[in-house]
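Dear colleague,

I am handing over the structure below, and I would be grateful if you could look through it alongside my notes.

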Amino acid sequence: MEPPAEVVHWMFGVGLLFLSLCLLAEAIVGPVVWRHRLWRAYLWPSLAFLLGVLMWPVMVFYTSSAIHMLAHSAWAQALMLVGAAQLGLVRGKLHSQLWELTLPVALVVSGLAFLLHEQNPWFFSRSAFLHHALGWTLVAGAVVALGRAVNPRSPAFNAGFAVMVVTVAALLFCDRNVAPIFGHLSPLAGAR
Amino acid sequence: MRAKALAAAVLVALALPTSALAHAVLLQWVPAYGARLATAPREVSLQFDQTVDAFPNAIVVRSSSGKLVTAGPSRTADSGRRVIVPLQRLPKGAYTVRWQVTSNEGHVVSGVYTFGVRVKPPPPTEAYGAGGPTKFEYVARWGYFVGLALLVGGLAFRLLVLRGRPVTPALERRFYWVVGVGVVGSIELGILGFILRAADAFQLPIGQLIYGDLSPLARGTRFGTAFITMTLGFALVAAFLFLAWLLERTILLWPAFILGLVLCSGLSLSGHSAVDVGSTWKSELADYVHLVAACFWVGGLVMLAFVVWPTAPGLRRDAFHRFSQLAAVLVGAMVLAGAYLAYERLPAVSDLWRDRYGQVLLIKGSLVVLALSWGALHHFVVAPALERGRGVGSRAVARSLRGESAVAIAILLVVAVLVDANPPTPRSVKQPTQALVAHK
């Protein structure tokens, strides 16, 4: 009844790509120009929050293993937390800049969820490779996000963060349920 | 040089395969889980997405009385992707399949499901060998009820008791903390409860359960349906609450409140009042009224004691008076619905002290009497005194409110135990199906 897992990954890839393009645009033109229209400041946090809400159906309908369920739950909460904290800061409802730290924390949690829930080695199949790549990208992205939290005006950190989200979106688009990676597919994963 | 070495180490770490192991995913069950078959199957066959190793006892099939009904050892087929076990000639009845295979790289994957031959099979939670709830489950369920009460009761208090009243920023801030804790608690403890229920059904250590296939539990049971619906619903409630806080629009609390009220029915539609022998729509309705009234009462008390009293002295008298009026209605509804449910579930008065369910109910009743006496003191003594302008700043009143809240929350702990206890079977009702007998 549910769509194949890869299709769901592509859907979230679309959402993250749009989010990353907003971040990239902000990094290129600078926050001052980007926020010349106030609604633009709400754009990526709202999208992150929405993606978090939309992750819950994935969590409850894909229950082939408990660890997958828990991983999806972690991503849903991480996305909602990041979106909510950023919206609160933009709106002026939150004042402490410590809320900026929710972003690196959420990225670490999301990355670890990818790494822990993928039980196969890197070259088992393409999806396994991508899960590992996504996990490490997010963990590395947390360092960039931390730098961005400390120095929000830094073009390097802003651009680095945007590129990290573009990478995550691209990796999600590459996902296939059963497909080789660099020409290799484990016989256990379906190679005949 | 050091930087280069570090970069090389990072690259090697990333490039090396992890020590984590492959695990197989079950693609197909034959017979399907929850199937009611017209004819007895000759074998049970499980198709995996990858090669697995199967020991001779990889698939164990038992009847509702626990009798082993396999006719030989398990074997693999289809290049190790399919595991098959032959069956004896199965008579009419419910059967439990427990399977456990090892992925070629060492991971143990397992699961449980049920099917029936000319009878409706029980849900996996009532499969043969499924365990009962643990003390940890009681605590988790208690936390879940507290979360639900904070959420639904807190919203009811804000929208009904404080309606049209000027609310201070401090009160508003604390209100959002309380209902925020309520909704997050409901989501998190709901997930934990689902995993714990799966652990009961699978009878596996948590290390192996994390690779267990939970689909039969999520799709094949009322509990699973309630879990799916309530998790999705509470995520929406969280979104509405957040938007109400962010945009400072109280009107957005209404959809959160209504959704919360609707979601409460998930418990009534998947609990004793819905699935036990002799359940009717009246027992479901009574359970729902009982639950909602209790949530309003407990959550309202917490709001009054921990939100209004410390943050809004100007609202104390008014809020106390209005909640006192509402509480009288709530308590009436709660007691009536509870009495009806007790009458339905306990065939004889002596069950109150003879049956475990009755004993827990007796403890709950005693605590309710204590809480109601406390409430009556507030209603008939404190409320009139506050009306006369006395005791508004009294610490004794604040302490008394906190005390009543504590008793109300303690009642929820007893309820958490009661929910997992099996009420005695009414004498008027015929013995339950074979499947339920297996569970007992």
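What follows is a short account of chain B, from its domains to its sheet and helices.

This is a predicted model, in which local features need pLDDT of at least 70 and side-chain atom pairs count only at pLDDT 80 or more, whereas totals for chains, interfaces and linings use all residues. Residues are numbered from 1 along each chain as its sequence is written, and chains are lettered from A and ligands numbered from 1 in the order in which they are written.

Chain B is divided into domain 1 (26-121) and domain 2 (135-439), with bounds from an automatic or database domain assignment, and the C-alpha centres of these two domains of chain B lie 40 Å apart.

An open antiparallel sheet of 4 strands in chain B has the order S1-S3-S7-S6 (strands are DSSP runs of E, at least two residues, and helices of H or I, at least four, numbered from the N terminus; two strands pair if DSSP finds at least two bridges between them). Strands S1 (26-30) and S6 (75-77) of chain B stand at the edges with a single partner strand each, so one side of each has no neighbour in the sheet. S6(B) is joined to S7 (residues 82-86) of chain B by 3 bridges, and B:Arg75 stands opposite B:Ile84 in S7(B).

Helix H7 (residues 253-270) of chain B has 18 residues, which at 1.5 Å a residue should span 26 Å, and its end C-alpha atoms are 27 Å apart, which agrees (the expected span is 1.5 Å times one less than the number of residues).

With regards
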